[in-house]
Amino acid sequence: MRGTRCLILGGAGFIGSHLTDALLRAGHQVRVFDRPNVDTRNLVHSLSSIELYRGDIANEAELGEALAGCEVLVHLVSTTLPQSSNDNPVYDAESNVVGSLKLLSIAKDAGVRKIVFASSGGTVYGNPTILPVPEDHPTDPICAYGISKLAIEKYLRLFHHLHGIEYTVLRISNPFGERQNPASGQGAVTTFLWKLLNEEEITIWGDGSVARDYFHISDLTSAFLKAIERNVESRIFNIGSGHSVSLTELLARIQAVTGRVVNVRFLPGRKLDVPVNCLDIERARRQLAWWPQLSLAEGLSRTWDWLLENRQTR
């Protein structure tokens with residue numbers, strides 16, 4: 001797989017830009033497809049080494065041009081967030097499920113060999129009955145975002161069955177780190193650190209007991225790299241830290257790392273929030289030889305330092 005031409009859909013974003021850098025370091029050829037008006041500051045160190053395509057993900061001709069000659073497609077794009085997807089499930093399905101189905105057809109016609117898809121380990125399982133949650137846990141999402149992710153997983157399996165396209169699904173927990181946009185509405189860690197840096201109030205939905213599986217972007221990047229380069233027995237992998245941390249504990253750890261006191265406002269809990277989510281990552285450990293390398297404390301420290309250095313540009 002070395003020297004493979006890869007197209008990263010959403011490659012200028014938080015996850016995509018880190019993956020772009022990692023693929024280049026590993027000797028691969030990288031093509032990035034993102035929105036016409038997307039900010040490319042995350043790609044500042046790699047722009048001269050990649051092919052950058054700007055276009056509309058709904059434009060089949062533009063996607064076809066970007067996919068021409070690519071062997072691997074990495075699909076990172078979603079038009080919705082978990083907290084907003086239930087507001088308009090029809091839009092969520094039309095833009096994500098139907099849009100991804102069109103993408104798969106274009107990829108097939110372009111001769112793509114393998115697709116790596118960023119799914120959601122935090123939403124596809126719904127309320128866990130087993131912790132940590134294994135990949136064979138029942139999938140009963142309680143938000144439209146999770147339903148769409150699960151549907152795309154099923155279409156990937158169908159295209160493998162019908163057309164022989166290899167695929168790997170990464171069910172990702174809660175990555176955080178450098179380059180994550182604190183104003184995006186995703187990522188409690190980066191959002192909390194940003195608000196603390198700017199002396200703003202931090203909002204917590206519920207009593208602070210909601211627990212999530214947080215891990216640093218460098219570990220997610222290494223998981224993607226192994227999923228791209230390896231063909232293994234399984235096609236679906238949980239990717240996270242393997243441990244859950246409550247929001248209350250997360251705030252305590254943030255205070256310990258930054259030396260600052262947080263100002264918190266508690267609001268009523270939300271129906272879309274699963275009380276606890278923690279992923280079983282043993283399958284990835286066995287088959288991909290992957291496991292997280294960075295502790296939560298070190299990840300928090302790296303992200304805090306980056307926010308301090310980039311305070312004026314975010």
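Questions and answers about this chain follow.

Tutor: This is a predicted model, where local features need pLDDT of at least 70, side-chain atom pairs count only at pLDDT 80 or more, and totals for chains, interfaces and linings use all residues. Residues are numbered from 1 along each chain as its sequence is written, and side-chain values use heavy atoms, leaving out hydrogens and water.

Student: How many helices and strands does the protein chain have?

Tutor: Helices (H or I, at least four residues) and strands (E, at least two) are DSSP runs, numbered from the N terminus. On that basis the chain has 10 helices and 13 strands.

Student: What percentage of the 314 residues is buried?

Tutor: Buried means under 20% relative accessible area, exposed over 50%, and partly exposed in between (1.4 Å probe, protein chains only). Under that cut-off, buried residues make up 51%.

Student: How many disulfides are there?

Tutor: A disulfide is a pair of cysteine sulfur atoms within 2.5 Å. The sulfur of Cys70 has its closest cysteine sulfur in Cys6, at 7.7 Å, too far for a bond. Cys6 is in no disulfide. The count is 0.

Student: Is Cys6 buried or exposed?

Tutor: Its relative accessibility is 0%. Cys6 therefore counts as buried.

Student: Which peptide bond is cis?

Tutor: Most peptide bonds are trans. Look at the loop between β5 (114-120) and α5 (144-163), where Pro132 is found. With omega near -10°, the cis bond runs from Leu131 to Pro132.

Student: Where is Arg179, and what is its phi?

Tutor: Arg179 sits in the loop between β7 (174-176) and α6 (188-197). It is buried, with a relative accessible area of 16%. Most residues other than glycine have a negative phi. Arg179 has a positive phi, near 80°.

Student: Is Ala289 buried or partly exposed?

Tutor: Ala289 lies in the loop between α9 (282-287) and α10 (296-309). Its phi is also positive, near 55°. At 29% relative accessibility, Ala289 counts as partly exposed.
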